[in-house]
Amino acid sequence: MRTPLRPLARILQARQEGLNPDMIERENLKLRHDVQREKARGRAQYRLVILCASFVMVFGAIGARMGLMAATEPVEPRTSAPGAEIIAQRADITDRNGRILATNMLTYALYAQPKLMVDPKGSARKLGEIFPELDAAALERRFTDGRSFVWVRKVLSPEQMQQVYDIGDPGLLFGPREMRLYPNGTLAAHVLGGASFGAEGVQSAEVIGTAGIEKALDARLRDPAQGNKPVTLSIDLTLQSTVEEVLAAGVGMLNARGAAAILMNARTGEVLALASLPTFDPNDRSSARTDKTAEPGDSPLFNRAVQGVYELGSTFKIFTVAQAMELGLVTPETMVDANAPLKWGRFKINEFDNKNYGPLLSVSDVIAKSSNVATANIALMIGGLRQQAFLKSLGFFDKTPVELVEASGSRPIIPQKWSDIVTITVGYGQGFASSPMNLATGYATVANGGVLIKPTLLKREGPTTGVRVMSEKTARDSVKMLRRVVTEGTASLGDVPGYEVAGKTGTAEKPKKTGGYYKDRNINTFGAVFPASNPQYVLVVMMDEAVDTTLSEARRTAGWTAVPVAAEIIRRVAPLMGLRPTLEPPATDALTAASN
């Protein structure tokens with residue numbers, strides 16, 4: 001209720017007392033103004049508090065955002081055009097030293113809106129001249145049949161883009177997108193695999209992996225949470241280039257159908273180089289496709305090091321001997337029956353060129369001379385069940401254990417029934433097919449002291465652990481035997497002065513689809529360990545149908561084909577890996593007296 005300015009009771013009292021009634025009105029008016037002033041002051045103070053709090057919150061948020069931006073890593077600005085969330089979502093791939101193997105490049109796609117075109121026929125003819133692979137007549141029909149949108153070309157080079165600009169037709173438009181670029185061309189093609197476009201729009205396109213590491217790690221490469229952090233491979237670009245160069249030269253000189261090579265760190269399982277020939281350019285993977293009627297293994301896209309499963313011949317003999325030593329059945333000096341041929345039921349086991357190393361050979365000589373018969377007798381001592389268990393422990397019964405999508409479909413070919421004759425043939429590498437990568441893993445186990453390490457194409461940080469499958473003594477004795485193969489046996493062309501190469505040759509006849517084996521078609525393999533005194537690296541070289549024709553007689557064995565290629569690889573890569581050559585003392589009988 002409002003207080004009256006001239007209350008009647010007080011006015012009457014003031015008149016009785018002889019006072020001025022107007023003073024009462026002025027007093028009440030002053031009180032009313034004081035109350036109003038206090039209310040206005042309260043409202044003003046409240047508004048000031050709200051305003052100050054708002055300023056503190058806004059500038060606090062700005063300061064916090066500026067601090068957050070200052071604390072983050074600087075990145076290149078990205079376009080904010082529609083669809084930009086698809087562009088640049090794929091991380092780079094680098095080698096172990098940070099050198100780029102795969103990256104993204106900004107390019108443009110060409111499309112047409114025929115309703116906006118001024119000269120559809122002339123534009124179609126000019127586009128046919130710029131892009132010879134396009135059918136100008138078909139393009140003209142698509143421009144004139146009433147369509148509102150036509151894709152012309154998914155990727156353009158800057159030169160092609162300028163030529164299309166010069167046509168000057170407003171209905172020819174460009175859409176930005178990123179494409180996958182492999183700056184080293186064919187180098188490490190089977191490791192990288194390749195990429196292509198997935199979901200496509202006018203302003204963007206999704207890049208997805210189609211093969212190799214690109215597909216195997218597709219989710220990781222496209223993960224926004226990784227912030228485009230590169231994927232670092234175990235591959236060394238310099239070593240990869242050297243291995244591919246030497247392998248290609250060997251294929252050309254030896255008229256091989258194909259080849260593969262794997263260079264691995266035996267202690268960490270890191271694959272330093274992986275090559276397969278023939279090869280392809282991942283920048284244009286589609287051009288490498290072959291006729292559907294051809295054998296899959298002949299395609300440049302086929303990864304022989306991982307996908308291919310082959311009978312790897314006498315390279316398996318070291319596993320047979322190592323298991324026998326581990327079981328205590330033999331020592332390197334134990335004499336074994338080597339009298340050839342060995343008859344087992346209706347089967348006859350012969351030596352190469354029908355030689356006879358018998359009647360007895362030491363176990364060390366069995367490996368050095370690569371005796372089939374003696375190895376067969378050792379395998380029979382072991383028995384089929386124990387032989388299977390040992391090969392399983394080395395990973396030979398599993399798919400190729402490496403981060404390539406092709407590895408998931410590569411499984412060894414294992415005999416359905418493991419009879420005694422299978423035990424014999426598997427003992428020297430026939431009747432059992434596995435991949436070169438599996439073989440490299442097995443040789444790494446021998447080289448590193450008997451521990452099975454899973455191979456990897458990703459750079460490993462810190463120590464690596466594995467499962468012990470043989471004792472250090474067995475592994476050490478096995479390496480010594482492999483060294484004798486190079487110094488005295490079938491791999492004499494593999495000796496590289498200063499680097500103590502040890503290894504085992506394997507020459508396996510290729511099986512026919514109709515049964516039996518070809519006499520003039522071989523898979524030649526050399527599994528090498530170096531340096532033998534302190535094993536650190538493993539190299540496996542496999543050559544398909546290689547033949548040395550430098551002399552009058554064609555030579556098809558691994559000792560004349562895969563071994564010299566492996567030796568040249570080691571001669572070139574060992575210094576690049578920082579291995580210093582050691583001075584090996586000459587044999588005693590090589591010393592001569594001299595006087596001056």
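**Before you start**

You are looking at a predicted model, in which local features need pLDDT of at least 70 and side-chain atom pairs count only at pLDDT 80 or more, while totals for chains, interfaces and linings use all residues. Residues are numbered from 1 along each chain as its sequence is written, and side-chain values use heavy atoms, with hydrogens and water left out.

**Stop 1: the whole chain**

Show the protein chain as a cartoon. It contains 17 helices and 20 strands; helices (H or I, at least four residues) and strands (E, at least two) are DSSP runs, numbered from the N terminus. Now turn the view: along its principal axes, the C-alpha trace spans about 155 × 70 × 70 Å. The radius of gyration of the chain is 39 Å, whereas a compact globule of 596 residues would have one near 25 Å. That radius is taken over C-alpha atoms, and the globule rule is 2.2 Å times the number of residues to the power 0.38.

Of the 596 residues, 48% count as buried. Here buried means under 20% relative accessible area, exposed means over 50%, and partly exposed is in between (1.4 Å probe, protein chains only).

**Stop 2: helix α3**

Select residues 120–130, which form helix α3. Among its buried residues are P120, G122, A124, L127 and I130.

**Stop 3: D218**

Move on to D218, in helix α8 (residues 218–221). D218 counts as buried because its relative accessibility is 14%. Show its side chain: one of its polar atoms lies 3.0 Å from the backbone nitrogen of G209. Not counting residues up to four places away in sequence, D218 touches R90, I208 and G209. Contact means heavy atoms within 4.5 Å.

**Stop 4: E244**

Select E244, in helix α9 (residues 237–253). E244 is also buried, at 14% relative accessibility. Leaving aside neighbours within four places in sequence, E244 is in contact with T186, L187, A188 and A275. Try the distance tool here: the C-alpha atoms of E244 and L277, 33 residues apart along the chain, are separated by 8.4 Å.

**Stop 5: T268**

Now find T268 in the loop between β8 (258–265) and β9 (271–277). Is T268 buried or exposed? T268 is buried, with a relative accessible area of 18%. Its side chain makes a polar contact with the side chain of E270, at 3.0 Å. (A polar contact is a pair of N or O atoms within 3.5 Å; within protein, one must be able to donate a hydrogen and the other to accept it, and residues adjacent in sequence count only if both atoms are side-chain atoms.) Beyond its neighbours within four places in sequence, T268 is in contact with I453, K454, R460 and T464.

**Stop 6: D398**

Finish at D398, in the loop between α13 (384–393) and α14 (420–427). D398 is partly exposed, at 44% relative accessible area.
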